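Here is a short report for a first look at this structure. Keep the sequence and the 3D view side by side as you read.

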Amino acid sequence: MKNFIFAALFSMLILVLGACSQATEEPQEEPVEAEADTTNGTEQTETAEEKVPRVAFVYIGVPADGGWTMTHDEGRQLVDETFGITSTTVENIPEGPDAERVIEELAQNHDIIFTTSYGYMNPTINVAKKYPDVIFMHATGYKTADNVATYQVKGFESGYLSGIAAGSLTENGKIGYVGAFPIPEVIFTINAFTLAAQSVNPNTEVSVIWSNTWFDPTVERQAAISLLDQGVDVLANYQDSPAGIQAAAERGVWGMGNDADMSEYAPDTYITNPIIHWGPYYVDVVQSWIDGTWESHSYLGGIKEGLADIAPFGKNVPQEVQDLVNEKKQEILDGNLEVFTGPIYDNTGELRVAEGEVMTIEEILAMDWFVQGVNGTIPK
């Protein structure tokens, strides 16, 4: 009997030890596998997060301006869609001390900052010195640093095409142009516009008034009316608001805006105007940060690069005018048309570019004089 009890107890002990052994071994395997999976997942998430930059944009106006700021914001939207991010925007920042304060605040928690107005140049440079690990992208400026790049559009190409249309449509040879500020990008666009208009109508004169604004519809409307009162029959405008072409439409005068398609504001008298597509360039900049290949540079893109173009023609622009403009556009794309080819005289009669010579990009970007046929002065 004792032997039987002993055998039974021994068998039960073996079963218990086996169960304990299984209970001990099985949980050991599961946590090890789970821990490895969790670690790998964390590493992958951190790597992905490290590859997504924090991006900010500083705007001189608002995206609803219908012009300059709207084009930059369209580019920003493409960046967000491409990389699955939500970039920061700061609107209505005047050029000056406020801009430097805003840019510095953004530099504290962003990796790439796009400062999208000419007057942000010095504030951008000043802040960049304090934040060497942040990339700063300044639109239309000329100062760079190890962590500051500039980018600009060949507005003289799209300005030239607009001038072809204006010169073809003017009947009295009097065209008005409301300039924003007397800086090179505005000056070379007006000059290209004038040369183009004269190429189809040699007696064309372009009268310029400065609004000294980027977006002030009241001031820009007043400047437009001043030119309309002088009898111009085509009016071009280099501001973000449609105020100028709206004033022209009220007089039944052909109108041209800037930077974006403004046909909706004057559908019956709208011609076309220069437009800009920033998006692809912005995507390239962010991708270069992700790839670790970003370097300071000065980018200049035109029609061939897809940065510059003209808006669709207004519904009442004759087909022959459209065809001529498109012909000249193709010549630019093919490299057969250089806008600033001599002879070119300034509006004092001095020869600036000899016959057969072509202005360099550096000369164009530093332009501070008007071509012959422009009625106006450039404040110093």
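Is Asp-80 buried or exposed, and what about Arg-76? Asp-80 is buried, and Arg-76 is buried too. Buried means under 20% relative accessible area, exposed means over 50%, and partly exposed lies in between (1.4 Å probe, protein chains only).

## The model and its confidence

This is a predicted model, in which local features need pLDDT of at least 70, side-chain atom pairs count only at pLDDT 80 or more, and totals for chains, interfaces and linings use all residues. Residues are numbered from 1 along each chain as its sequence is written, and side-chain values use heavy atoms, with hydrogens and water left out.

The protein chain has an average pLDDT of 89. This score is the predictor's confidence in each residue, from 0 to 100. At least 70 is reached by 87% of the residues. Residues 1-48 are another matter: pLDDT stays under 50 there. For that stretch the model has one contact beyond four places in sequence. A contact means heavy atoms within 4.5 Å. Where pLDDT is low, the predicted coordinates should not be read in detail.

## The sheet

Five strands form an open sheet, in the order β9-β8-β6-β7-β15. Their pairing is parallel. The edge strands are β9 (254-256) and β15 (374-375), and each pairs on one side only. Helices (H or I, at least four residues) and strands (E, at least two) are DSSP runs, numbered from the N terminus. Two strands pair if DSSP finds at least two bridges between them.

Look next at strand β6 (residues 174-179). Five of its six residues are buried, so β6 is largely enclosed by the rest of the structure. Six bridges link β6 to strand β7 (residues 205-210), in the parallel sense. Tyr-177 has Val-208 in β7 as its bridge partner. Together, β6, helix α6 (residues 184-200) and β7 make a right-handed β-α-β unit. Right-handed means that, with the strands pointing away from the viewer, the path from the first strand over the helix to the second runs clockwise.

Four bridges pair β6 with β8, again parallel. Here Ile-175 stands opposite Val-234 in β8. Val-234 also has a bridge partner in β9, namely Trp-254. Strand β8 (residues 234-237) and β9 run parallel and are joined by three bridges.

## Salt bridges

A salt bridge is a side-chain nitrogen of Lys or Arg within 4 Å of a carboxyl oxygen of Asp or Glu. By this rule there are 11 salt bridges. One of them joins Arg-76 and Asp-73, at 2.7 Å from N to O. These two are three residues apart in helix α2 (residues 68-83), so about one helical turn separates them. Arg-76 and Asp-73 are both buried. Asp-80 forms a salt bridge with Arg-76 as well, with the closest N and O atoms 2.9 Å apart. Asp-80 and Arg-76 are four residues apart in α2, about one turn of the helix.

Elsewhere, Lys-130 forms a salt bridge with Glu-104, the closest N and O atoms being 3.3 Å apart. This pair links distant parts of the chain: Lys-130 is in helix α4 (residues 121-130) and Glu-104 in helix α3 (residues 97-107), 26 residues apart.

## A buried loop residue

Ser-117 sits in the loop between β3 (112-115) and α4. Its relative accessibility is 2%, so Ser-117 counts as buried. Beyond neighbours within four places in sequence, Ser-117 contacts residues including Ile-60, His-138 and Trp-214.
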